[in-house]
Structures are given as C-alpha cells and as structure tokens.
Amino acid sequence: MIQLLFLVLVAEAAVAAVLLFKTPLRKLAVMGIDRLKRGRRAPVAVKTVAGVVLALLASTLYSMAEISGRAGGDPESGGGGGGASLSPTDQVLFSRHLLEASLMGYSLFLALVIDRLHQYIRELRGLKKNVEAITKHNKMLEEAKHGRSEETKKYQEEIGALNEDMKKLKLQVQEKTEEVHVAEDKALAIRKQSESLLLEYDRLLEDNQHLREQLQSIDHRLSSPK
C-alpha cells in the first residue's frame, strides 16, 4: 500500500513539474489530460477514485484514533495517553497509518494542483489567442482608417473599444499568470515535502526493523525455558 502511494505521489509530482515548465512535454501532458477529461465516463471515474482515497484516508485516521484511544484507556499506563504509553506494536502501526494518511493527503493535494494548473494553462492559451485576434483586427482597422475619410470616426471608435478590450484581456492574462506562479510555488513546496517524506519513510523502516528485532528478542526470552 505504501509503495503504491509513493509511486502515485512521484507520478503526480512528475506531471506537476512537467506542467510548470514550458517544454514539449507540457503539450503532451496537456493533451493527455484533455483526453482524460473529454471522456463521458472520465468524471465519474475520477470521482470514484477520489471517493475511494478519501474513504481509505478516513479509515486510516480512524485507526490512528483507535490506537491512541486504546493507549489512553490502558490501565497500566496510569490513564495518561500519549506516544510513551504505546506498545512497540502499536507504535509501528501508528507510524504506518500516519505515513499512509500523509501520502494520501499529499496525493489528493497534488491531484488538485495538477487540475488547477491544467485549467490555468488552457485559459492562458485562450486569452493569448484572443489578444492576437484583437491585435490583428486592430491593425486591419488602422490600415483601413487611411482608406475612406467618411468611415474614419467609426473605425476610431471601434479601435478604442478594441483597445479597451485588449487591456482587459491583458489584465486577465496577468492575473492568470500570477495564479500560475502561485500554483508553481505550491507544487515546488509539495515536491520538497515529498522528498522529506521519503527520508522519513527510510527512518521509519529502520525504526520498524529495530522494533521487530526487540520483539523477536522478547519472544525468544519468553519462549526460552526458565
């Protein structure tokens, strides 16, 4: 389960990194996401997967709460809950559930970041096309302005309106660009957190191995004849 979640997290981080930088891979990624969203069953499938992940996340959090509650209600611990009253087995289970919950949470957040980046990129492309079309139309009107003097005022009014529209579109492009930068910063922060999470996973594996060795030594002492 943890290995699968790590693979999903690494894949999502790679897709987010591809969307952040203007490369040929970005076009392929955008085309792939477009095809996924255009299918009739794609939204249903995405919602189903998200629902399953949320259900697993809720189950994991419930298991963590149950372990903490079991430790807090243990009469040998003096009624005081906390990590110190957990048995070695519960500590391993709690650490594993914590890691799974963190991975699922980061995966859902990265999926949301990828969806937002994809939407911003599509909107920026549409706005840029509109700006180019308005600019071409503006040039045509300026060239036609020198043709017939009777239509000069009409063309000037149209040019003024088009210039206003172009300013609004440029402001929208600037706002969307700022939103993309914010999303890029968030994606980079998640990427750094995922790297720290990998290091934490290695440390938990070492702690798990150490706890297993302790449990084996305890079992060996209990099973050995007195």
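The largest pocket is lined by 27 residues, and Glu-12, Leu-36, Val-46, Val-49 and Ala-111 are the ones nearest its centre. This is a predicted model, where local features need pLDDT of at least 70 and side-chain atom pairs count only at pLDDT 80 or more, while totals for chains, interfaces and linings use all residues. Residues are numbered from 1 along each chain as its sequence is written, and side-chain values use heavy atoms, with hydrogens and water left out.

**Largest pocket**
- A pocket here is an open set of points on a 1 Å grid over the protein atoms alone, with protein on both sides within 12 Å along at least five of seven lines; lining residues have an atom within 4 Å of a point.
- You'll find about 950 Å³ of space in the largest pocket, a volume being the space filled by probe spheres set on the points, which are joined across faces, edges and corners.
- Helices are DSSP runs of H or I with at least four residues, numbered from the N terminus.
- By class, this lining splits into 21 nonpolar, two polar and four charged residues.
- Nonpolar covers Ala, Val, Leu, Ile, Met, Phe, Trp, Tyr, Cys and Pro; charged covers Asp, Glu, Lys and Arg; the others, Gly among them, are polar.

**Second largest pocket**
- The second largest pocket holds about 460 Å³.
- Its lining has 16 residues, with Lys-22, Arg-26, Ile-121, Leu-124 and Lys-128 nearest the centre.
- H2, H4 and helix H5 (152–223) each give two or more residues to that lining, and H4 gives the most, with six.
- Eight charged, five nonpolar and three polar residues make up the lining of the second largest pocket.

**The cavity**
- A cavity is a set of grid points where a 1.4 Å probe fits but cannot get out, and there's one of 30 Å³ or more.
- The largest cavity has about 50 Å³ of space, and its lining includes Ala-13, Leu-110 and Arg-191.
- H1 and H5 each supply at least two residues of this lining, which has eight nonpolar residues, no polar ones and one charged.

**A look at His-97**
- His-97 sits in helix H4 (residues 88–145).
- His-97 is buried, with a relative accessible area of 17%; buried means under 20% with a 1.4 Å probe, protein chains only.
- Leaving out residues up to four places away in sequence, His-97 touches Thr-60, Ser-63, Met-64 and Ile-67, where contact means heavy atoms within 4.5 Å.

Note on methods. Buried < 20%, exposed > 50% of the residue type's maximum accessible area, 1.4 Å probe, protein only.
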